[in-house]
Each structure stands twice: as structure tokens, then as C-alpha cells.
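I went through this structure with two topics in mind.

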Amino acid sequence: MDFNLTDEQQLLSDTVQRFAREDYTFDKRREILNTAPGWSREVWNELAGLGLTALNVPETHGGLGAGPVETMLVMNTFGAALLLEPFLGAAIVAPALLTRLDDANAAADLLPAIATGERIVIVAHREPQTRGELEHVVTRAEPSGDGYVINGYKSVIAHAGTADELLITARTSGNPTDTDGISVFRIKPGMPGLTVKSYLTIDGQRAGDIELQGVKVASSALIGTAGQAFSAIEGAHEVALSAICAEAIGIIKAVNSATLEYARSRKQFGQPISKFQVLQHRMADMFVQGEHATSMSYLAAIRCIDGNTHERRRSLSAAKVVIGQAGRFVGQQAIQIHGGMGVTDELMVSHHFKRLTTIDLTYGDTDFHTQRFISLTQAG
Amino acid sequence: MNLNFTAAELAFRDDVRAFLRDQLPADIAHRVKSGLAVRAEDYTCWQGILHRQGWGAPNWPKQFGGTGWSPVQLHIFDEEAAAAGAPRTIPFGLKMVAPVIMAFGNTQQQQRYLPGILSGRDWWCQGYSEPGAGSDLASLKTRAERHGDHYLVNGQKTWNTLGQHANWIFCLVRTDPNAPKPQQGISFLLIDMKTPGITVRPIITMDGVHEVNEIWFENVQVPVENRIGEEHQGWTYAKFLLGHERSSIAGVGVSKRELGRLKSIAAQEIKNGKPLLQDPLFAARIAQVEIDLMALEITNLRALSAESKQRAPGPETSILKIKGTEIQQSLSELMMYAVGPYALPFGRLSREEGDVQAVAGPDYAAPLAAAYCNMRKASIYGGSNEIQRNIISQMILGL
């Protein structure tokens, strides 16, 4: 049992924190947010220069082959900094999926370019009715000639419009809720029949819906074995879950410290509002929820690549529940304690609040993961 | 970062399991696991068994007859003992007064008091709280006047747990009523319960149980040699003791066992023709407490890991107290709601005897409402959960 960081992990964490402190201030972020693409290629290149885009790529493909604990440390800081760049999708989820699909050609082609940050690859899996149910894939790929024709719809895909290449999941056989029959295709955004409708999400991030109408791809677009992609998709989502739990922890801690600072400086009735016991206890509760959630983020990081499927699934759902609840509580109370200032766009706390809200609504919300935890526990 | 025990720790766990399997009396385990009253002689009997094994004081250093176990070993032992249905340790001697005697007592006091605690021969109780001194402990009024080689003690202590079985009590008393601050002028005395002038009066709690007492002191003569440390410096020792009270406060092992009992009851109860365990609303309530318990376990392991690095338990233990007691209370509440109206028939005397016969309804239902009522104490004792929030806001948040 060990909760310490290795020297390398500490160094990584320090490096990322320095980047956030010096090169990703709130003002800088606001500038980026107001540009047309909503994220900065310059920042992306800087992240690549720091080796961060290579973090989750195996060493055999030019990456660093780091693990979930390293990802957790990076995401803690990116959470606090509210990074707008497509790090989660392109540097965590895409390599996690590609390394699990068992396709040497696709891996050799895509992973090195992901590691260097040259190519932004985005996984498009979620559909309107998916919620957290990963097997719920209606999009279909029908064999046609020596390739496939794909029809379907992918919804609220973070950075869909940013992608140089999309990894789109589609059903090659079976019914909409079967785990068997799901395949992954690599598709360039400009393909005929594929439209991406990009938009801003409430948290300032970019996302998009993808419509596929008779998109014709070659058989070489298929990654891995047809119909056998489910466990790779689930594995990639588990890595993503652990990463967004860590992101939420970074936000919760930043929100807690901003709230403390605000309460110490804001005076009412002739004294700092931090002197009022009703607010002291509220902030104590926010701290307790933060620590409770931190524990579950550790559990998520440790278990997300565990070989024991049952324990892995159960731990990740439990973590998402605790982090969703803690995020909601801390976020709402932080706004409350900031008073009128809390509901403005001016302070970082409202931006943190919106990202926490987004995290709860993605990758399965608290209710979804509670139900999943129950089914898993009852199945024993 | 990992959650694995080392090979040596796993071997230790096997030893603990084997010991519990061979040595823990079945009738005691049955009472503990069924939520029935544990008898005074159960505690003494189990302490004797532990002592014969050399495990009488898991949390003591070796030089005083303890095991010298690491925090992780202590955790493993607590967890396994709870799972097997071993009675909890009565903490007043082993976990409260003993560390004070070791840290601040003189050699004679250590030789006189520690062996009796270790073997279970002496049963200690606590004389801290008073009717007017609860969360504000330093406002205590019990007086000890110096008369030559003894003190004359007058006053009243309350919320004394299981003092009806005790032969010794440790007390905070006021030796200097004119000290400028309430924390000054307090001394720490060890008092033989057989001393003339001590009266123990039961306080019956709402579950019908005699668990706590009030204790009256009328001109009780206490030899000066029974004072720990310096006169008027008792508050320092008192705070030290309260710091130790919080170790193992999370109660993870016991709550895991209670979660198992809750699930077993919910599997036997039927609602809408199906086991209650499968009722969506009830299943969600169980899931919430189970998930919170998973988080508490990790938080506890984090605290243990910090303790292993020789960092004393800090104000972070307040998190364990708050979350731990919330979980304990949820579990007792859910168990009661699981059985519904059959929680209501009240077999008061039979529960006291420990061999509950349900007045009506299933046996497992009989102690549940009383246990729910009893567990309301958890967020009040050991520094109420509001005091814990004060500690967090002052010591951690710096407010």
C-alpha cells in the first residue's frame, strides 16, 4: 500500500503545474476561448514539447508509456487550469483505444503522430440514446464492395470539429444493445456524407454532432477485428473515466481554495465572512467532500487498468458517483459563498462550476453509475 | 501508488485469520454479528484470549508489552477482527489512559497500571464530561483540593461509558479554580472506583440500555501519587488522549460487517413479491452507503500511510470521524427501514441479556430499532461532528 509519488511522477506534476501557472493563466484562457476554434495550436505544440501528448502512447510507438497515475497528475492540473485544448480526447482516449484494438498497422500509423501532437485523433462513440451504456450503438456499417457504407449519428463529441481524423464506432452486426458486433473505423472529416456540426458547450469547450449519411470507406478503414471492439471501447472509456475524475479533483481543490480566499477577503457586517461559523462549517464540508472524492480518484487511477473486470467496473462507477456528488456539492456551495460575484462570468469559480457540471453529465452521470454499481454488485 | 499489501502483510493477515478462526468463541461472535448486546464478560474473556496470544495491546509499543505492529498491521487486525465478529476493544484503558501513562506517567505508575490493562484484569472508564462541560470540556468544575498527600475530589462526571463494570477511572479535575484561563488549572487523576464517596448512577438511554452513567464524587480521597504528570497541566494530557481516541475512529471493518448484515436482511425481506435488495429505491440507498464506505476505506488507508511515515494522526482524522459516523448511522437506519414495522416490537430485557428472542417478527429484526436509536450517539461522542468541523476549519483551513 503506497500513496506516494515517485520522483519522476513528482517532476511531471511540477512541470505541468509550472506550465499552467506561467503559460495558461485565466486571462490567457479567456483569449483562447474567444478565438474562432476555441483552442490554441500554439498551446498544443507547447504541450507536445513538454512530452505530454506522448504520455499515453506506448514506448514502442514513440511515446512515454506512462500509466493512469501520471495521467491523474496531469489532469489534476489541467482541471484547475480549465484547459481548452483537446487533451482528454486526443492524448488520452484515442491512444487508449488504439492500443487496445490490436491493429498493428493502425497503431504504427496513428500513435507516433499522436505522440508528437501532429495529428489530433478523436474517438466518436456516443450517440443520442447512449447515455452511459457503451454497447448502445445504432450507427451501422454495412459491407459494400471491398469496404463499408456507414449511416448513423454521433452526439456531443468533444472536439469533433477539431479532429484531423475520427475513430468512429459503428455496428457491423447484431442489435443496438449487443456488446458483440461493434467495430471502429478511421475516417477523415472531409469524407462525402459526413457532416460535423460544431458548437460551444456550456463549459467553454468545443464539441460537435456528427452525421454519417452513406459514408463510403475502404475495408482498410476498419481497425482491429470486425465486431470485436467492445472491450477496447470499454477499456478506453475506463481510462477516460479515471482521467475526468482526476480533472474534477483538480477543479474541486481549486474551487475550495478560491472560496476560502474569497471568504477571507469579503467583508460584511464589519468582518470577513470567513468568521461566520455557518460558512466555516460549509467550507469544512466542502473540504471533506474534496478528500472523499480524492480517495475515489486514487481508486479509479489504480483500478482502471486492473485485470479483474468486475472490480475494475465497480470501482470506476463508484468513483464517478462520489466525484459527481462531490463536484455538484462543492460547485454549488462555492457559487453560494461567492454570492453575486459567483454567478458572474468574471471570476474563475463560475467557469470551474460549469466544467464540474459538464463532467457529471458525461461518461455516464451519477444516476447511471449508481445503477451500474448496483447491477454489478448484485451480479457479484 | 498502489493499494496492495506486501507479502509480509498478507502473511500476517493469514495469521490473524487463523487465530480468529481458532480462538474467537462462537457465542460471542454470534452476538456481535447479530447486533445483540455484548456482555461485560465477553469483553473480558476476549481480552484474556488476546493477551495469551501476546496481542493484548495491538496499539502499544513492545517495551510495554504491546505488539509493536505497524499502522497497516493494526488496520489489518481491526478489519479481520471486525469481520470475524470479535467484540470491539473497550478503548478507555488500552487506547486512552495507557498512552497517557506511557507518555507522561512515571516508572512506578507505568509498572502499577499497565499490566492490569494489558491482561484485562482492570477495567477503566472515563471521567471527562460533566453536565456543564460537553463540547466545551475545559469548563469542567469537578474540584480536587490538595490536603497533604492526597486530593479531596468533589463533583459530578457524566456520559461515563460502562463505568458500572470499571474498577478504575481517569478524571480531569480542577486543581486551581483561580487560573486565568479555563484550560489552565486542570489536573489528570487516576481514581480507584472502590474509594469511599463514589456513586455510580445509571443513565438509561432511549434504546432501554444501561450503557452510560453519571458518577458523583463526594469528598473522595485520592493519593497525590495517582496524579499523572504535573499539577495543573492536565489539559495537555487530555488533548493528547483525545488525539489517540481518534485513531481507528473510521470504523471501516465494523461498517463492512454491518453492510453485510444489511444486505443479508434486505435479501430476506420481501417487497412487491421480490427481495427488498432488488427494490430500486432501496438498492440505491444501499449503494450510496456502500460507495461512501469504499471512499472512507481509501481515506483511512491514506491516513494510515501517512502515520506509517511517523507522522502523528493530524486534524485529518476529523474527516474520518465525520464520514465514519455518518456511514454507521446510515447503516443502522437502513437496517431498521429494511424490516419495516417488525422493527417496532421492543424486547428490552431480552436484548440486555444478549440472547434476543424476537417478541414478534423475525429474530434479526428485534434489535434494529434500538440499535438505530443507540447509534444517534455516534455523531455526538468523541468530539461532536460540529466540533470536528470546527477543528477542520481552524486547523486545516486556517479560519
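I searched the whole predicted model for cavities and found four of 30 Å³ or more. A cavity here is a set of points on a 1 Å grid over the protein atoms alone where a 1.4 Å probe fits but cannot get out, and lining residues have an atom within 4 Å of a point. A volume is the space filled by probe spheres set on the points, which are joined across faces, edges and corners.

The largest cavity has a volume of about 230 Å³. I looked up its 16 lining residues; B:Gln47, B:Ile90, B:Leu94, B:Gly120 and B:Asp122 are the closest to its centre. Helix 3 of chain B contributes the most to this lining, with five residues.

I then turned to rings of Phe, Tyr and Trp (its six-membered ring), which pair if their centres lie within 6.5 Å; planes under 30 degrees apart are stacked, over 60 edge-to-face, the rest tilted. I got 21 aromatic pairs over all chains. A:Phe19 and A:Tyr24 make a tilted pair, 5.9 Å centre to centre with 35° between the planes. A:Tyr24 is buried at 3%.

For the record, residues are numbered from 1 along each chain as its sequence is written, and chains are lettered from A and ligands numbered from 1 in the order written. Local features need pLDDT of at least 70, side-chain atom pairs count only at pLDDT 80 or more, totals for chains, interfaces and linings use all residues, and side-chain values use heavy atoms, without hydrogens and water.

Terms used:
On a 1 Å grid over the protein atoms alone, a cavity is a set of points where a 1.4 Å probe fits but cannot get out, and a pocket is an open set with protein on both sides within 12 Å along at least five of seven lines; lining residues have an atom within 4 Å of a point. Helices (H or I, at least four residues) and strands (E, at least two) are DSSP runs, numbered from the N terminus. Buried means under 20% relative accessible area, exposed over 50%, partly exposed in between (1.4 Å probe, protein chains only).
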